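Here is a short tour of how two chains meet. Please have the viewer open as you read.

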Amino acid sequence: MLGLTGILIALIVLTIVLAVFFLVRPSATAGSAGKILAFVALFILPVLCVGGGVSAHMQRSEQTKFCISCHAMEPYGRSLYVDDPNYIPAQHFQNHRVPADQACYACHADYTIYGPFKDKLRGLKRVYMQYVSTPPAHITIPGGYDNNQCLHCHNGARSFEENPVHQAIMASIVSNQMSCITSGCHDTVHNVASLGHVKFWRPAQ
Amino acid sequence: MKLSQIGMQRLLRISGALIVLGLIVEIVSLLWFHPLAFVLFAFVGVVLIGFGIVVYLASLVFVVSPQAENRQ
């Protein structure tokens, strides 16, 4: 990640050097070589830099540390370290059932073609609420937590499909009629309100 | 004032300045690990770079070079 960002920053610095050249000496575009160089410096390279920047920011926003860098998300980040296997996010995070460095993204991303952009827009709305309007007292997921987020990994898994409880209600789970987390089966999720009374796991360094 | 009267060299200077500013903002946004970094990039950096590119393209389209004027 740092390597790609480093390459992007090197490209940006190169573009700045060329753009400064045309800022100082615009007369260099008199010749055909100068015109071509100006086209590269003032059109091609800036477009590449913007594209690289969008990609770098999208990739960065998939990281767990990015999500919990937001003040409102800090307790949700702490809940990943709760030392209790009933806490679904903590259990997934600590046992690497989801990539630890993309834990939030793995369970909350919209896995559709424009999903990352929709997530980014939703995130921008949260930023707006945090800094411009009033942030909500309780953070909720619009429309509730979709079972497809769980099924993205669990569907087809032997332990999930052979479980008799799951087998009996599979149609309701797949159609999202019965929620995995609010139907009483896996209802201990982040529970940030109770973080003051729980034991935390400390990973070995 | 018409765009063609501003002159290509001045438009190139404006374009270069906008692109340099936008790229500096992009570097800051890449080094700043905060949710607002994307806002800075998208709403300041991209807008500055975008305007810089538009000004450069406008200089190509609307400004008549002295050589072309002489040919006429």
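This is a predicted model: local features need pLDDT of at least 70, side-chain atom pairs count only at pLDDT 80 or more; totals for chains, interfaces and linings use all residues.

Chain B has four helices and zero strands, so its order along the sequence reads α-α-α-α. Of its 72 residues, 36% count as buried. Looking at contacts in chain B between residues at least 6 apart in sequence, 73% join residues at least 24 apart.

Now to the place where the chains touch. Here 26 residues of chain A are in contact with 25 residues of chain B. On the chain A side, helix H1 (2-24) and helix H2 (32-60) each supply at least two residues. The most comes from H1(A), with ten residues.

The axes of H2(A) and helix H3 (residues 35-62) of chain B come within 10 Å and cross at roughly 165°. Because angles over 145 degrees count as roughly antiparallel, H2(A) is roughly antiparallel to H3(B). The crossing of the two helices is left-handed. From H2(A), the residues taking part include Phe43(A), Pro46(A) and Val50(A), while H3(B) brings, among others, Phe41(B), Ile49(B) and Tyr56(B).

How do the residues divide by class? The table sets out the side of chain A that touches chain B and the contact of H2(A) with H3(B).

| Region | Nonpolar | Polar | Charged |
|---|---|---|---|
| Side of chain A that touches chain B | 18 residues | eight residues | no residues |
| Contact of H2(A) with H3(B) | ten residues | four residues | no residues |

Key
Residues are numbered from 1 along each chain as its sequence is written. Chains are lettered from A and ligands numbered from 1 in the order in which they are written. Two residues are in contact if their C-beta atoms, placed from the backbone, lie within 7 Å. Ala, Val, Leu, Ile, Met, Phe, Trp, Tyr, Cys and Pro count as nonpolar, Asp, Glu, Lys and Arg as charged, and the others, Gly among them, as polar. A residue is buried if 20 or more other C-beta atoms lie within 10 Å of its own, exposed if 12 or fewer, and partly exposed in between; C-beta atoms are placed from the backbone. Axes are lines fitted to C-alpha atoms, for helices over the stretch in contact, and angles run from 0 to 180 degrees between N-to-C directions. Angles under 35 degrees count as roughly parallel, over 145 as roughly antiparallel, 65 to 115 as roughly perpendicular and the rest as oblique. A crossing is left-handed if the near helix is turned anticlockwise from the far one by less than a right angle, and right-handed if clockwise.
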